[in-house]
Amino acid sequence: MEFGLTRQEANIYHCLLTEGKVTGYEVAKQTGISRSNAYNSLANMTEKGASYLVEEGHTRKYVPVPLDEFCKNRIRKLTETKNWLGEHMPSEKTYVEGYITIEGSEHILDKMRNILKKVEGQVYISLTRNYLLLLIKELQELIMDMKRVVIITDQPTAFPRAKVYIGEDRGMRIGVIADSRYVLTGEYGEGSMNTCLYSGQKNFVELYKTALSNEIKLLSMREENQ
C-alpha cells in the first residue's frame, strides 16, 4: 500500500504472487472480492505497474509484476518526480524559524533522521539506547564524515570516535541539538506519548544546550570519580 496500491489491490497482488497466472473470476473466488471489483482492481493494477495482462484466446488472465521489479519501478518513478518538482516548483519563501509541534512516532523518527542528515559540524543527541539503535546508519555516516557526535544515553553502546556519556534512564525523553542551531525535544515511543517540539529559535536552542551541557558536566565528574 505504501507503493500506491489500495488495500484491495494489495490483497489481490498478494493473491497473484501466491497463485501465479489467474483470471479475474479466480481472483474474486480466492479473495472473496466481488467479480466486478476484482476486474476493476486488476485493470487499475495493470495501469499502476503491479500486474500484466495475458491474453489466452478469449480468456484474459493476469500475472504479477515481480515484487522486486515493482518496487524498483515505483522508487524510480518517485525519484523522477522528486527531480521534476525540484526543477519546476517555486523557491520556498524564507521565514523566521518558530516552534513546530511534531506528532506521531513515524514523523518524529523521520525528523530525527533528516536532522542528522543535514548536520554540518556537530550534533548532541540524548535518548535511550533502544531508540539510539534506530539511528545507527545516520550516526555512523556522521562519524565517517568526521563530524563531532556526542551521545547521552542510558546503557553502554559502541560508536567509535563518538563521545558517549552514560546517564540515567532516558525513558521516552529524546533530544537533539544540531550545529547549535536547531533543537528537537520531547517524547518518543509506543503509545500516545509521541509529541516533540522542533525549533531554531536562538533563545530556545541556548536554553536546551545549557541544560544538556550541565548534564554532561555532571556525567564527566562522575566518570572522573569512578
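Which exposed residues does the face of H7 turned away from its buried side carry? This is a predicted model, in which local features need pLDDT of at least 70 and side-chain atom pairs count only at pLDDT 80 or more, while totals for chains, interfaces and linings use all residues. Residues are numbered from 1 along each chain as its sequence is written, and side-chain values use heavy atoms, with hydrogens and water left out.

Helices (H or I, at least four residues) and strands (E, at least two) are DSSP runs, numbered from the N terminus. In helix H7, residues 136-144, the buried residues are Glu138, Leu139, Leu142 and Ile143, where buried means under 20% relative accessible area, exposed over 50% and partly exposed in between, with a 1.4 Å probe and protein chains only. Seen down the axis of H7, these buried residues fall within an arc of 135°, so they line one face of the helix; the arc is that of the directions from the helix axis to the C-beta atoms. The face turned away from them carries the exposed residues Lys137 and Met144.

The buried residues of H7 pack against helix H5, strand E5, helix H6 and strand E6, contact meaning heavy atoms within 4.5 Å. Just after H7, Met146 takes a positive phi of about 65°.

| Strand | Partner | Bridges |
|---|---|---|
| E4 (residues 99-103) | E10 (residues 195-199) | five |
| E9 (residues 182-187) | E10 | five |

In E10, Tyr198 is the bridge partner of Ile100 and also of Leu184.

Technical notes:
Two strands pair if DSSP finds at least two bridges between them.
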